[in-house]
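Q: Hi! Could you walk me through this model? I'd like to start with the overall picture and then look at the ligands.
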Amino acid sequence: MKRACRAAFGAFALGAVLHAAAADAPRPSSRGAGAAAARPASAAGVDYAQRFAGLCAACHGASGRSNASDVPVLAGQPAFYAITQLFLFREGRRSNEAMTAVAKTLTDDDLRGFSTYIGTLPPVPPPAPAAPPDAARMAKGRALAQQHRCASCHGDDLSGGQQVPRIGGQHEDYLRANLRGFKSGQRPGYTQAMTEAVSQVPVEDLDLLAYYAARVGAPAAR
Ligand code: HEC
Ligand code: HEC
């Protein structure tokens, strides 16, 4: 994976964060050397499950499925996607008041530790809706996803992989706001992939895509 990300993102500073992961791998000979000894030198030394419970779960939910519609579900997100986003928040290239404040406090080790932990959280499907989804809107959303080739990157079941996020079963409000953010330029993205993907898609269609993606993988209505 590391080779793939360097090839894709070469010159970006995240390359250095990812690269350091290899350099940080527990090496007994480096223990106790200088400043490194003053703090946990590697993600392996810190229990990120516990830190997640203390620092992140209040917003993102203990299982990684948040209840708030504007707080993204992290369960089922690939570790590589998570680290790109934590990095963007920390560097101020993706902004959100709540999340930026948290990200600013994170070290490179934390970026790796939290994203590795997120990558271990199994996907949690959305709860069964009270009423079945609107069949016409679902059909339109599915057709738009085909037309704009969303699945070519996000996968047929929209479960993502590597640097591409899972969007199936994500909160609709969050999806809608972020698709609009890519379109307006408010969310630049780590690469141009999403800016290009939505550049020709009218905003009303983005909303339909959000409606559709949020319901992919949901159990039938109660
Ligand atoms: C005060 C609430 C809050 C806390 C605490 C919080 N987050 Fe977030 N997080 C958010 C919100 C809100 C967003 C979505 C921001 C947006 O819409 O751009 C977000 C986005 C994210 C994303 C990007 C998800 C995606 O699908 O793009 C990741 C990864 C993330 N948070 C990880 C963490 C981690 C790890 C912690 C703990 C160290 C944490 N968050 C703590 C509110 C919070
Ligand atoms: C060329 C590959 C590609 C295509 C095509 C593509 N995406 Fe993406 N998508 C990505 C990547 C990569 C990201 C991560 C954004 C970043 O770079 O920061 C992403 C992010 C997203 C997000 C943000 C999810 C989150 O958790 O914050 C949404 C929503 C999304 N895509 C929906 C779509 C939809 C809907 C389409 C079809 C109109 C689409 N994508 C087409 C690659 C793609």
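Q: What share of the 222 residues of the protein chain counts as buried?
A: Keeping in mind that this is a predicted model, 32% of them count as buried.

Q: Thanks! How many helices and strands does the protein chain have?
A: There are 12 helices and 0 strands, so the pattern along the sequence is simply α-α-α-α-α-α-α-α-α-α-α-α.

Q: And what part of the contacts with a separation of 6 or more comes from residues 24 or more positions apart?
A: Those pairs account for 70% of such contacts in the protein chain.

Q: Let's move to the ligands. Which residues come nearest to ligand 1?
A: Cys56, Cys59, Asn96, Ala98 and Met99 come nearest, out of 21 residues around ligand 1. By class, that shell has 15 nonpolar, 5 polar and 1 charged residues.

Q: Which helices each supply at least two residues of that shell around ligand 1?
A: α4 (57–60), α5 (79–90), α6 (97–103) and α10 do.

Q: Where does ligand 1 lie relative to domain 1 and domain 2?
A: Ligand 1 lies between them, because domain 1 (2–22 + 47–120) and domain 2 (135–215) both give residues to its shell.

Q: Nice. What about ligand 2, which residues are closest there?
A: The closest are His148, Cys150, Cys153, Tyr190 and Ala197, and 26 residues surround ligand 2. The shell around ligand 2 divides into 16 nonpolar, 9 polar and 1 charged. Helices α9 (150–154), α10 and α11 (193–198) each supply at least two of its residues.

Q: Switching topic: where is proline 133, and which residues does it touch?
A: Proline 133 is in the loop between α7 (108–120) and α8 (135–147). Leaving aside residues up to four places away in sequence, proline 133 touches Met138 and Arg215. Proline 133 and arginine 215 are 82 residues apart in sequence, yet 7.7 Å apart in space, C-alpha to C-alpha.

Q: Last one: why does proline 133 count as partly exposed?
A: Because proline 133 has 16 C-beta neighbours inside 10 Å, and a residue would need 20 or more to be buried, or 12 or fewer to be exposed.

Terms used. Residues are numbered from 1 along each chain as its sequence is written. Chains are lettered from A and ligands numbered from 1 in the order in which they are written. This is a predicted model: local features need pLDDT of at least 70, side-chain atom pairs count only at pLDDT 80 or more; totals for chains, interfaces and linings use all residues. A residue is near a molecule or strand if its C-beta atom, placed from the backbone, lies within 6 Å of it. Helices (H or I, at least four residues) and strands (E, at least two) are DSSP runs, numbered from the N terminus. Ala, Val, Leu, Ile, Met, Phe, Trp, Tyr, Cys and Pro count as nonpolar, Asp, Glu, Lys and Arg as charged, and the others, Gly among them, as polar. Two residues are in contact if their C-beta atoms, placed from the backbone, lie within 7 Å. Domain bounds come from an automatic or database domain assignment.
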